[in-house]
Amino acid sequence: MGPISGEERELVGRALAEDVGPGDITAEATADANARARARIVQKAPGVLYGLDLAAEAFAQAGGGELDKLVLEGQWRDSVPAEVAFVSGSARGLLSGERVALNLLGHLSGIATLTARFVEAARSEGGRATVLDTRKTTPGLRALEKAAVRAGGGANHRLGLYDAILIKENHAALAGGTAAAVARAREAQPARPIEIECRDLSEVEAALAAGAERLLLDNMGLAELARAVAARDAAAGSGERAELEASGGVTLETIAAISATGVDYISVGAVTHSAPALDLSMLLEPA
């Protein structure tokens with residue numbers, strides 16, 4: 001994961017403040033103030049681990065000492081249970097930092113794991129589509145969740161409304177249609193590529209004629225996706241080829257067939273908004 005940022009350090013601090021409040025009364029009651037302990041963090045389910053630096057920060061801020069990584073992040077691990085880190089230091093600090101550390105680590109590892117499953121499935125029938133995330137992220141955690149998507153082998157779509165143009169149905173309606181929306185976006189942001197949502201083949205043809213660099217094919221069936229790919233290829237000729245992104249209700253069961261139609265990207269909101277946490281635990285023993 002690498003060194004954490006100041007914003008991430010503040011995030012960990014807020015999470016600890018929420019959990020510990022004025023003090024961990026159970027740890028204070030059961031552990032001597034000067035007691036030392038050693039803890040093992042164990043990955044209990046197969047998947048991709050991501051977020052150890054945030055876990056380390058949680059233990060450090062809680063007074064629990066330093067975390068030693070035992071494995072590389074961003075790699076699928078089938079052999080579980082497996083020890084992935086050691087932490088040693090104040091027993092009270094380890095107890096107080098445990099839940100925040102595991103919550104962050106489990107959540108981000110869950111996103112990386114689900115992304116890896118989608119990436120593998122997208123390539124299982126000869127397709128080569130890149131799996132993208134969306135803006136359907138936890139408020140305040142977008143940068144971390146998108147980093148977890150990358151750790152799982154996916155790629156990031158736009159970070160927010162500020163860094164890429166994506167004309168959706170409502171934008172096009174307000175602008176006066178597909179061609180008008182593309183023209184207005186081109187005039188306003190001439191240096192940025194333009195992506196526009198298309199709901200059917202007529203909108204695909206209009207978007208291609210308007211010169212959009214990427215088309216978001218929303219909730220199209222397999223046959224319609226294949227026709228959109230053919231229309232794109234025919235329109236390109238020997239010139240620049242528009243990129244195609246399939247989106248809408250993509251599942252692990254359907255992504256392989258979608259990828260096999262020849263689209264370039266498949267955006268999957270589920271990798272961030274519905275990823276189950278990876279099962280991890282902390283086992284502590286006196287030092």
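Among contacts (heavy atoms within 4.5 Å) in the protein between residues at least 6 apart in sequence, 72% join residues at least 24 apart. The model is a predicted one, in which local features need pLDDT of at least 70 and side-chain atom pairs count only at pLDDT 80 or more, whereas totals for chains, interfaces and linings use all residues. Residues are numbered from 1 along each chain as its sequence is written, and side-chain values use heavy atoms, with hydrogens and water left out.

The C-alpha atoms of the protein fill a box of roughly 75 × 40 × 25 Å along the principal axes. Of its 287 residues, 49% count as buried, a term for under 20% relative accessible area, with exposed for over 50% and partly exposed for values in between (1.4 Å probe, protein chains only). The protein has 11 helices and 12 strands, which are DSSP runs numbered from the N terminus (helices H or I, at least four residues; strands E, at least two).

An open sheet of four strands has the order E3-E5-E1-E12 with antiparallel pairing, where two strands pair if DSSP finds at least two bridges between them. The edge strands, each pairing on one side only, are strand E3 (66-69) and strand E12 (280-286). Neighbouring strands of this sheet are turned by 20° against each other on average, direction ignored; axes are lines fitted to C-alpha atoms, for helices over the stretch in contact, and angles run from 0 to 180 degrees between N-to-C directions. Strand E1 (residues 36-43) pairs with strand E5 (residues 82-90) in the antiparallel sense over eight bridges, and Ala 39 stands opposite Val 87 in E5. Helix H3 (residues 52-61) packs on the sheet, where it touches E1, E3, E5 and E12, and its direction makes about 155° with that of E3. Helix H4 (residues 91-122) lies across E1, E5 and E12 and runs at about 165° to E12.

Arg 38 lies over the face of Phe 86, at 4.1 Å from the ring centre, and Arg 214 lies over the face of Tyr 265, at 4.0 Å from the ring centre; a charge sits over a ring if NZ of Lys or CZ of Arg is within 6 Å of the ring centre and within 35 degrees of the ring normal.

The peptide bond from Val 80 to Pro 81 is cis, with omega near 0°, and Pro 81 is placed in the loop between strand E4 (76-77) and E5. Asn 219, although not a glycine, has a positive phi of about 55°, and is found in the loop between strand E9 (214-218) and helix H9 (222-236). Asn 219 counts as exposed because its relative accessibility is 53%.
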